Each structure stands twice: as structure tokens, then as C-alpha cells.
Amino acid sequence: MNKLNDKVAIITGSARGIGFSIAEKLATNGATSVIIDLDQQAVDLAVQKIDDQGFRAIGFAANVTDQEQITSIFKEIYEEFDAVDILINNAGITKDGLIMKMKEDDWDSVINVNLKGTFICTQKICRFMMKKRSGVILNIASVIGLMGNAGQANYAASKGGIIAFTKSSAKEFASRNIRVNAIAPGFIQTEMTENLSQEVVDNYTAAIPLSRMGSADDVANLCLFLVSDDASYITGQTIQVDGGLIM
Amino acid sequence: MDIKSKVTEIIVEELGVEESEVILDASFIEDLGADSLDTVELIMKFEEEFDIDINDEEAEKLTTVGKAIEYLEKKLK
């Protein structure tokens, strides 16, 4: 059963990690996944991986903070497929540090990629979706945006900002049948968390009622639901995939 | 195609109204049923079709069909 037959889904920051799992999940459910990430080689490899499984993907190397690049890529996709049904704003970075020692650059770059990048991609895609009177936007936030975290003030602010931005865009676009939701993943096993020491992992998992880290697939499963018509009455929400970490 | 016909065509397409309703005095919001998003879309469509930039201040004044045509005719002269 293909929930997303003939849909075109753009996923930013999707050459690896959670983004790639989402791109893979949507493609295996019938969508054409458009992989956008910084590095051309990584993009090509990700596209190849999906292609090898017999599903559809195309890729572009781009930076979500580059308005011109994003505008021209979205236009190219729209012209080729005559639709852009789904946008997943997933691209994100961390530059951790205590507030007292945080450099302005570390603040700016995290807010720029995570929050402003989400704004730019949403602004550039909404025109096409409004024209079609349909579309789904999904923003990948984080539980850190809900609960805060010492040493991640910039990241927390960007993710909290994404949640508020999700609500505003859901209200602005609702009359055009465009739904906007956010997912707030908790501690998810990715390349990023692989390097953590066992002690740190143990500390994290002790706080999680389900007593384990989540997988990228856990996030991708919720993604698939939220972008599909099964979720057609859900908009403006932030849904956690966190093993019960915060309730 | 002259500006007036082009503008009328764009309005008919964007707002889904009958050509007969698109008279000079018609207000986009009050008479042609546009909401605030429609008016933004309309301005963007004018910009695209006529290859011009309309700043926000000017855009706010274009509340009727007549005002839009008059503005575009002046701008494109």
C-alpha cells in the first residue's frame, strides 16, 4: 500500500541521519524524495541508496540559508513535477556551549540554519502550495526546544522558535489547505550520538520512561503519518517522539 | 494585450471571479471576495507577469481594480 503515490517530497538536510531516514521512508511509500544537503557527494550517495532499492529520489547540493539557491531549486522541482506536495524542514546544526562563553558566531549560525533556514524554505515553497491549494509542511524541532538544555541555549532557542513558527504558519496557510506541523524528537540514535560515552548515554536513558534511545526510523514513521492524508485534520501541532521523556 | 485586459485576466484567474465583476470600482476585498492572502498573491502575480517590483507601501494602496490598472499603466510607461 503506497500512502504517498506520485507525491513529491523535499527534505532538507537529508543526506544522512534522521533526514535520510525520512527521505527513505517517504520514497518507500511511493513519494519522489528530493534530497537537499550541503555536500554534493553525500547527496549523490543518498540518492543512490534510495535508487538502489528501486525507489525514486533526486538530489541537490544547497544551503538552506541561501535564498537564491533555494528559490531556483524549488522552481526547478515545481516545473519538472508540476507540484511540490511535501516540505520537511529538517536541516539543523549544533554549536554547543555555555551562554557565558558562547560566541556570537555560534549563536548566529545555529539560529540561521535551524530557524531562518526553516523560514526561507517555507516562504519559497508556500507560493507553489498556495497555487495548488494543497500541501504539507513538517518542521523537525526537538524536545530541547520544549524543555531547554544547559549548554544548548542557541539550539533550544532555534527549536523553540521553530515550534512557534509552525503554529503561525499553520494559521496563515490553513485557508489554503496547507497543513503545518512539527515533530520534536528526543534522544535519537544517529551518527551524531554515536560518539557519546556510555556514561552520557546511560544518564540520558535513565531519564526516559521507555529506557532507551529512539531510532531515526521512529521519527520517520511519525513523519510518514503526518504528511499522509491520514493526518488531514491535524495542523499546528508539535508531536514528540521521545520515549516519554517529557509529558 | 493591453494592461487592462491582462490585469482583468489575472484577477479572474487568481480570485476565481467572473470577468463581468471585474469593474474599475470593484474592491478586491469587499467586492471580489479576496482575503489578505489573495491580495498578496495578486500583487506577486502582477510582479511576475509584468516583471516589476511593487513595494509594500505601494501595494497597500492597490485596493481596487481601477487603482491597480492605473498604477501599472503609470509604472510600465
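In this predicted model, helices α1 and α2 of chain B are oblique to each other, because their axes cross at roughly 140 degrees and angles count as roughly antiparallel over 145. Helix α1(B) spans residues 3-15 and helix α2(B) residues 36-50, and the two axes come within 10 Å. The crossing of α1(B) past α2(B) is right-handed. On the side of α1(B), the contact is formed by B:Ile3, B:Lys6, B:Val7, B:Ile10, B:Ile11, B:Glu13, B:Glu14 and B:Leu15. On the side of α2(B), the residues involved are B:Asp38, B:Glu41, B:Leu42, B:Lys45, B:Phe46, B:Glu49 and B:Phe50. Classified by side chain, the residues of this contact comprise 8 nonpolar and 7 charged, with no polar ones.

Helix α2(B) also meets helix α4 of chain A. The axes of α4(A) and α2(B) come within 12 Å and cross at roughly 110 degrees. The two helices are therefore roughly perpendicular to each other, since angles of 65 to 115 degrees fall in that class. Residues A:Arg127, A:Met130 and A:Lys131 of α4(A) are in contact with B:Leu37, B:Glu41, B:Met44, B:Lys45 and B:Glu48 of α2(B). This contact between α4(A) and α2(B) contains 3 nonpolar, no polar and 5 charged residues.

The interface between the two chains involves 8 residues from chain B and 7 residues from chain A. About 660 Å² is buried between chain B and chain A, with carbon and sulfur atoms giving 42% of this area. Of the area that chain B buries against chain A, 65% comes from B:Leu37, B:Glu41 and B:Met44, more than from any other three residues.

Across the interface of chain B and chain A, 6 salt bridges are found, while the count over all chains is 14. B:Glu48 is paired with A:Arg127 in a salt bridge whose closest N and O atoms are 2.9 Å apart. B:Glu48 belongs to helix α2 of chain B and A:Arg127 to helix α4 (residues 104-132) of chain A, so this pair joins two chains. A further salt bridge is formed by B:Asp38 and A:Arg176, where the closest N and O atoms are 2.6 Å apart.

Within chain A, helix α1 (residues 17-28) and helix α9 (residues 216-227) have axes that come within 8 Å and cross at roughly 50 degrees. This angle makes α1(A) oblique to α9(A). The crossing of these helices, α1(A) and α9(A), is right-handed. From α1(A), the contact draws on A:Ile18, A:Ser21, A:Ile22, A:Lys25 and A:Leu26. From α9(A), the partners are A:Ala216, A:Asp217, A:Val219, A:Ala220, A:Asn221, A:Cys223, A:Leu224 and A:Val227. The contact of α1(A) with α9(A) is made up of 9 nonpolar, 2 polar and 2 charged residues.

Backbone torsions were also examined. Most residues other than glycine have a negative phi. A:Asn177, which is not a glycine, has a positive phi of about 60 degrees. A:Asn177 is located in the loop between α6 (153-173) and β6 (178-185) of chain A. In chain B, a positive phi near 55 degrees is found for B:Asp51, likewise a residue other than glycine. B:Asp51 is placed in the loop between α2 and α3 (56-61) of chain B.

How values were computed. Residues are numbered from 1 along each chain as its sequence is written. Chains are lettered from A and ligands numbered from 1 in the order in which they are written. This is a predicted model: local features need pLDDT of at least 70, side-chain atom pairs count only at pLDDT 80 or more; totals for chains, interfaces and linings use all residues. Side-chain values use heavy atoms; hydrogens and water are left out. Axes are lines fitted to C-alpha atoms, for helices over the stretch in contact, and angles run from 0 to 180 degrees between N-to-C directions. Helices (H or I, at least four residues) and strands (E, at least two) are DSSP runs, numbered from the N terminus. Angles under 35 degrees count as roughly parallel, over 145 as roughly antiparallel, 65 to 115 as roughly perpendicular and the rest as oblique. A crossing is left-handed if the near helix is turned anticlockwise from the far one by less than a right angle, and right-handed if clockwise. Contact means heavy atoms within 4.5 Å. Ala, Val, Leu, Ile, Met, Phe, Trp, Tyr, Cys and Pro count as nonpolar, Asp, Glu, Lys and Arg as charged, and the others, Gly among them, as polar. Buried area is the accessible area (1.4 Å probe) that two parts lose on being put together, summed over both. A salt bridge is a side-chain nitrogen of Lys or Arg within 4 Å of a carboxyl oxygen of Asp or Glu.
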